[in-house]
Amino acid sequence: KRQYDDIFVKLQLGRGLSNSSGTSKCISIIVHHFLKELPAELVCSHASYILQLIESANDISLNQYLNYRLFGLKLSERKPQVDYVDSVLGKVFQVITQYSRLDEYVKVVDAFLDIVLQYNMDNYLTIILDGISIRAQSKEITENELSSLQSIIVKLLAHFNLVEEVLALSHFAEILHVMYGSSRDVVNMHILDKATRNGYICDPTTIQMLFEISQALHDCLDVFSVKDDHHEQQAHLISRFVQLVDYGAEMEHHLTFLVECRGAFGRTSELKFSLWQEVLVRSSNNLVMKAVKDANNVVDFVKSCIAFNAVTIPSIVSTTKRMNLYLETIEVALLGGLVCHADGLIHSAIDCLQSVDQSEGLILQNDSNGVLSWIRKLCSLLVIIPGNPEQGVAYYPRSILALIESQSWITPQLRLRVFCAILSLSATLSQNKLPYHAYNTEVVGNDQLFYGDASYHQELEALCSSVLTKVIDSVLQEPHKVIRGNLALEACSYILSAYKASSEISTICSKLIEIAKSCLNVNDKYMRNTVRYMDKQLSSILGDATTVVVST
């Protein structure tokens, strides 16, 4: 401290920190550089004297506002004593309120804003925002001013707990409106980030403002920067905002909001567009589930949501996402009792796979388990969807078979497993009582709809016999010998577990075992266990009819 006192005297800045009752007129640039080197602790403990020093240094060597700004930054580095903070701020704001230029004003208030927020000095915060609003009117904001405004808003967002508190500040919306470019983007991202950290967003005014912010952020996305991390973060924040919007009981308003989002966020790269469309569809499905659970007479609303999805899903580029959303929406339609809509969505899901070209098919080959899971999911849904009396109960299973047999990218392994899934579906539908039904009691199961109808069972038997023949052909199409043998054993086990013993089952399984024996070592453990299992299952055949009877 004695060293600083000595420097004060030598630089003619006064009589030293120890005797700070008065100062002489100083040169602004010398004050600036000396203040820059002073420890923040000394600046805080002698704030009144430093302020007098700055007030006396007002000349052309350096603009005085830079010294005030540096003074504020130094004070913010340490927590100044509360007993003189208000006095110091009062003197500073007396000076800076006389500034006419926005650039000088925002740079100084930005430096003191941390202290204002730290001590909850709402009166000074109001002065700051009023001053920015007045000086920003009818002028184009410069890059330097944008940087300071960005800093101020980010500090406000960090200080308040809820984004609603920031959005409600006086002049906040108009200050945000005058910003543009990268600074506006950064601020918008901070606002959305703040908004999506504290649960659902329910206030309609807040939703509307955040929607406009999201739209402004979306409009700046560069369609050529698909892999840019910054833009990916922007897309994620917008999607997160859409997910967290909740209009409560006003579900019609929520659906309208989703429609507006689909229109607002549609002009971007295919990847980001698909991301938002997926969020919109899932949000619509959540609305249906909420409506069915919490309200009565919601059929028309559910229809609107399903129609929204039916229009939105086809615009998604990714086959994987489209298929997953179709399957999800089919479930939701059944939850709402909309059988006709579910039928239409099943058609769309099958057409989705039918439209896969060779190049995309090769990609899906690497995810054969994913394709198989879609087919199995479709089959599980067909258990509870009433069969169409005009088209027949086997219409959709045969459509799936036609799809699998028409696509060159489908491997023999995948084709065989799809055949097994169809066999399982046929076996399940043949039961006198289905293992499960739709949650909505208005969706009548096939066990009730076709009760006692002999033609229903005849159609399923014909389907089963057709698929069993295809199983043998599919196994033989596998070029790799060991894989062919294992596929034969897999098919045999699948058939034995799904159906009661019969002459037809015995014939098919014997052929499969012969194929396996021609491909695998005689001591292969999998083969020996499968043969033992087959012998056990078929030992009960005592001249029964060849009709395939479904196992319970």
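In which sense, left-handed or right-handed, does α5 pass α7? The crossing of α5 over α7 is left-handed, and point 3 below returns to this pair.

1. **Basis of the model.** This is a predicted model, in which local features need pLDDT of at least 70 and side-chain atom pairs count only at pLDDT 80 or more, while totals for chains, interfaces and linings use all residues. Residues are numbered from 1 along each chain as its sequence is written, and side-chain values use heavy atoms, with hydrogens and water left out.

2. **Overall make-up.** The protein chain has 28 helices and 0 strands, where helices (H or I, at least four residues) and strands (E, at least two) are DSSP runs numbered from the N terminus. Of its 552 residues, 50% count as buried; buried means under 20% relative accessible area, exposed means over 50%, and partly exposed lies in between, with a 1.4 Å probe and protein chains only. Among contacts (heavy atoms within 4.5 Å) between residues at least 6 apart in sequence, 74% join residues at least 24 apart.

3. **α5 with α7.** These two helices pack at an angle of about 15°, with their axes 7 Å apart, the axes being lines fitted to C-alpha atoms, for helices over the stretch in contact, and the angles running from 0 to 180 degrees between N-to-C directions. That makes α5 roughly parallel to α7, since angles under 35 degrees count as roughly parallel, over 145 as roughly antiparallel, 65 to 115 as roughly perpendicular and the rest as oblique. As to the left-handed passage of α5 over α7, a crossing is left-handed if the near helix is turned anticlockwise from the far one by less than a right angle, and right-handed if clockwise. On the α5 side the contact includes Tyr-65, Tyr-68, Arg-69 and Phe-71, and on the α7 side it includes Asp-103, Glu-104, Lys-107 and Phe-112. By class, the contact of α5 with α7 has 9 nonpolar, 2 polar and 5 charged residues, where Ala, Val, Leu, Ile, Met, Phe, Trp, Tyr, Cys and Pro count as nonpolar, Asp, Glu, Lys and Arg as charged, and the others, Gly among them, as polar.

4. **α5 with α6.** Helix α5 (residues 64-77) also packs with helix α6 (residues 82-96), here at an angle of about 155° and with the axes 12 Å apart. The two are therefore roughly antiparallel to each other, and α5 passes α6 in a left-handed crossing. Gln-64, Tyr-68, Phe-71 and Leu-75 of α5 meet Val-88, Val-92 and Val-95 of α6, and the residues of this contact divide into 6 nonpolar, 1 polar and no charged.

5. **α25 with α26.** Helix α25 (residues 454-476) packs with helix α26 (residues 481-498) at an angle of about 160°, their axes lying 9 Å apart. That makes α25 roughly antiparallel to α26, and the crossing of α25 over α26 is right-handed. The α25 residues Leu-468, Val-471, Val-475 and Leu-476 meet Arg-484, Leu-487, Ala-488, Ala-491 and Ile-495 of α26, a contact that divides into 8 nonpolar, no polar and 1 charged.

6. Not counting residues up to four places away in sequence, Phe-241 touches residues including Leu-192, Ser-214 and Phe-257. Ser-214 lies in helix α13 (residues 204-219) and counts as buried at 0% relative accessibility. Leaving aside neighbours within four places in sequence, Ser-214 is in contact with Leu-192, Ile-238, Phe-241 and Phe-265.

7. **Covered segments.** Helix α4 (residues 47-56) is mostly covered, with 7 of its 10 residues buried, among them Tyr-49, Ile-50 and Leu-53. Ala-394, in the loop between α21 (368-382) and α22 (395-406), is buried with a relative accessible area of 1%. Leaving aside its neighbours within four places in sequence, Ala-394 is in contact with Glu-459 and Leu-463.

8. **Backbone points to check.** Most residues other than glycine have a negative phi. Asn-120, however, has a phi near 55°; this residue lies in the loop between α7 (102-118) and α8 (122-136) and counts as exposed at 53% relative accessibility. His-171 has a positive phi of about 70°, is found in the loop between α10 (163-167) and α11 (172-178), and counts as partly exposed at 26% relative accessibility.
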